[in-house]
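This report describes selected features of one structure, section by section. The reader may wish to keep the sequence and the model in view while following it.

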Amino acid sequence: TSLFWPGIDLTSALQYPDFSCVVLYRRLCVGFGCVVPDTRWSESYLSYLGVHPAWRGHGLATVILYHLIQTNLGKDLTLHVSASNPAVLLYQKFGFKVEEFVCDFYSRYLPPDSGHSPHALLLRLAR
């Protein structure tokens, strides 16, 4: 789909339905987010958050992120995001802080002509 880079398998993320959020319009999935709980003792990982391109700019990512944070109360929530992704601002509004700069994190997923940065920021929402 156009929501995720080619080659990413969502199967493992779908094994945690209580930590997922799917936004549907009729039968079309317009947004999706998934947390992998308990990646460490007091930490979970936001593995996916995407909004269909035609539905961006309407606050869906905000609603999805809010819901996922609420399902993860009491634990830190971490995520990786491309250093050039404007979603960094959304995460910072929710209180996520940059913890690490990771070189070439997305290199294997991006086509050579992509305009996206292959570098990622590791963000943490401390609880």
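## A salt bridge between Asp38 and Lys75

Asp38 and Lys75 are joined by a salt bridge in which the closest N and O atoms are 1.8 Å apart. The model is a predicted one. Because Asp38 belongs to strand β2 and Lys75 to the loop between α1 and β4, the pair ties together parts that are 37 residues apart in sequence. Asp38 counts as partly exposed, at 46% relative accessibility. Lys75 also counts as partly exposed, with a value of 23%.

In general, side chains of opposite charge can pair when their charged atoms come close. The count of salt bridges in this model comes to five.

Glu43 takes part in a salt bridge with Arg124, where the closest N and O atoms are 2.8 Å apart. Glu43 lies in strand β3 and Arg124 in strand β6, so this pair ties together parts that are 81 residues apart in sequence. Both Glu43 and Arg124 are buried. Through salt bridges that share partners, Arg40, Glu43, Asp76, Glu99 and Arg124 are joined into one network.

Glu43 also meets Arg40 in a salt bridge, at 4.0 Å from N to O.

Strands of a sheet pair through backbone hydrogen bonds, either parallel or antiparallel. Here, six strands make up an open sheet with mixed pairing, in the order β1-β2-β3-β4-β6-β5. At the edges stand β1 and β5 (97–102), each of which pairs on one side only. From one strand to the next, the twist averages 20°.

Helix α1 lies across β1, β2 (28–40), β3, β4 and β6. Relative to β3, α1 runs at about 160°.

## Strand β4 and its neighbours

Strand β4 (residues 76–82) is largely enclosed by the rest of the structure, because six of its seven residues are buried. On one side, β4 is joined to β3 by three bridges, and the two strands run parallel. Within this pairing, Tyr45 stands opposite Thr78 in β4. The chain passes from β3 through α1 to β4, forming a β-α-β crossover that is right-handed.

β4 also pairs with strand β6 (residues 120–125), in the antiparallel sense and over six bridges. His80 stands opposite Leu122 in β6, and Ser82 stands opposite Ala120 in β6.

## Aromatic pairs

A pair of aromatic rings is described by the distance of the centres and the angle of the planes. The count for this model comes to three aromatic pairs. One of them is formed by Tyr25 and Trp55, and this pair is tilted, with 5.0 Å from centre to centre and 45° between the planes. Tyr25 lies in strand β1 (residues 20–25), and Trp55 lies in the loop between β3 (43–51) and α1 (60–71), so the pair ties together parts that are 30 residues apart in sequence. Tyr25 counts as partly exposed at 39% relative accessibility, and Trp55 is partly exposed with a relative accessible area of 25%.

In the pair of Tyr91 and Phe96, the ring centres are 5.6 Å apart and the planes stand at 70°, so this pair is edge-to-face. Tyr91 and Phe96 are both buried.

## Positive phi angles in two loops

Arg26 has a positive phi of about 55°, although Arg26 is not a glycine. Its place is the loop between β1 and β2. With a relative accessible area of 70%, Arg26 is exposed.

Asp104, which is not a glycine either, has a positive phi of about 60°. Asp104 is found in the loop between β5 and β6. Its relative accessible area is 45%, so Asp104 is partly exposed.

Technical notes
Residues are numbered from 1 along each chain as its sequence is written. This is a predicted model: local features need pLDDT of at least 70, side-chain atom pairs count only at pLDDT 80 or more; totals for chains, interfaces and linings use all residues. Side-chain values use heavy atoms; hydrogens and water are left out. Rings of Phe, Tyr and Trp (its six-membered ring) pair if their centres lie within 6.5 Å; planes under 30 degrees apart count as stacked, over 60 as edge-to-face and the rest as tilted. Helices (H or I, at least four residues) and strands (E, at least two) are DSSP runs, numbered from the N terminus. Buried means under 20% relative accessible area, exposed over 50%, partly exposed in between (1.4 Å probe, protein chains only). Two strands pair if DSSP finds at least two bridges between them. A crossover is right-handed if, with the strands pointing away from the viewer, the path from the first strand over the helix to the second runs clockwise. Axes are lines fitted to C-alpha atoms, for helices over the stretch in contact, and angles run from 0 to 180 degrees between N-to-C directions. Contact means heavy atoms within 4.5 Å. A salt bridge is a side-chain nitrogen of Lys or Arg within 4 Å of a carboxyl oxygen of Asp or Glu.
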